[in-house]
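Dear colleague,

I am passing on the structure we spoke of, with some notes on its aromatic rings and on one of its helices. Please look through it with the notes beside you.

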Amino acid sequence: MRVFVCEFVTGGGLRDAALPASLAREAALIRDAMRRDLAALPQVGEILLAADDRLPLLPGAVPVAAGADAWAIWRTLAERADVVWPVAPETDGVLARLVEMLRESGARVLACTPEAIAAAGSKLQTAHRLAAAGVPHIPTFPLAQAPDLTGPRITKPDDGAGCEDTQFWPPGVPAIPACRDGLVIQPFVAGAAASLTVLAGPEGVRLLAVNRQHIRVENGSVVLAGLSVGALEDGDGRLAALARDVVRAFPGLEGIFGIDILLTEAGPVVVEVNPRLTTAYAGLGPALGLNPATLLPPFADRGAARGTGARGPVELALA
């Protein structure tokens, strides 16, 4: 089969804008892991790609030059493919729109539903859904309508991806961010930063890995400096149960996606839901000792999915 790996950043989604080196490097980590895992599958005959022509051009990739319509190029590649595996940020509804467009191609699209993406892509909607489902989470408010939060706080875009425009505000310092509209504010919650890599599908919900996040604050900006993929255990099953609760709160979460959490003294707390592959995927295969693509329905191989056993944590330096 032909598989189109539609990675937004490296695939030309920012061709007519600035392309930060750190963002391109992180996106390339995910794309290259996807390519590696697909290339190892006997049923995959060809991997289709688009590539921002400011980046090193991979063999066979369709270049996206200045002024080109990346979305039209992606549509054409999707029409040639049997399966499309997209990755994009939720910001400004990009991921949901991309999935909707790719679905029109007739190819099988490996993604959460647009409805689940839209809900999980909003920090406010996420908090409302988790509250309604009784799932521990961080209270989240529109910045302009926030209650009086006297302790340390965090501001971020409601639809941001990763640590985009995420700021830490100490007690006594007014939270007046000099960035775009649509911000939310949250009380700072003490705990160890972690993420869950989760698989959801017809056979249920499976916690694949618990990853340690290396977070630091630089001049008020919150930065994800690295990940230790598969570094933490879920000995009592609480994190697997949390993953199942999140999936129940967001019908349409499918495939492999991420959940950011804090491990607090009172238990795990959800920070946000990432309805797509996250950077942790770059280390998932080596951490699990199996090819994660074999867990997805189009490529399912029960023998390969059992693997040879976990190899241990994989370190990813991001900043």
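The notes below take the aromatic pairs and then the helix.

This is a predicted model, in which local features need pLDDT of at least 70 and side-chain atom pairs count only at pLDDT 80 or more, while totals for chains, interfaces and linings use all residues. Residues are numbered from 1 along each chain as its sequence is written, and side-chain values use heavy atoms, with hydrogens and water left out.

A search of the whole structure gives four aromatic pairs (rings of Phe, Tyr and Trp, the last by its six-membered ring, with centres within 6.5 Å; planes under 30 degrees apart count as stacked, over 60 as edge-to-face and the rest as tilted). One of them joins W71 and W74, a tilted pair with 5.3 Å from centre to centre and 50° between the planes. Both tryptophans belong to helix α3 (residues 70–80), where they are three residues apart, about one turn of the helix (helices are DSSP runs of H or I with at least four residues, strands runs of E with at least two, numbered from the N terminus). W71 is partly exposed at 21% relative accessibility, whereas W74, at 1%, is buried (buried means under 20% relative accessible area, exposed over 50% and partly exposed in between, with a 1.4 Å probe and protein chains only). Ring pairs also bring F8 into a cluster with W71 and W74.

Helix α8 (residues 281–288) is largely enclosed by the rest of the structure, because seven of its eight residues are buried; among them are Y281, L284 and L288. Just after α8, G289 has a positive phi of about 75°.

Helix α2 (residues 21–39) packs with α8 at an angle of about 45°, their axes being 7 Å apart (axes are lines fitted to C-alpha atoms, for helices over the stretch in contact, with angles from 0 to 180 degrees between N-to-C directions). This makes α2 oblique to α8 (under 35 degrees counts as roughly parallel, over 145 as roughly antiparallel, 65 to 115 as roughly perpendicular and the rest as oblique). The contact, meaning heavy atoms within 4.5 Å, involves L29, A33, M34, R36 and D37 of α2 together with Y281, A282 and P286 of α8. Of the residues in this contact, six are nonpolar, none is polar and two are charged (Ala, Val, Leu, Ile, Met, Phe, Trp, Tyr, Cys and Pro count as nonpolar, Asp, Glu, Lys and Arg as charged, and the others, Gly among them, as polar).

With best wishes
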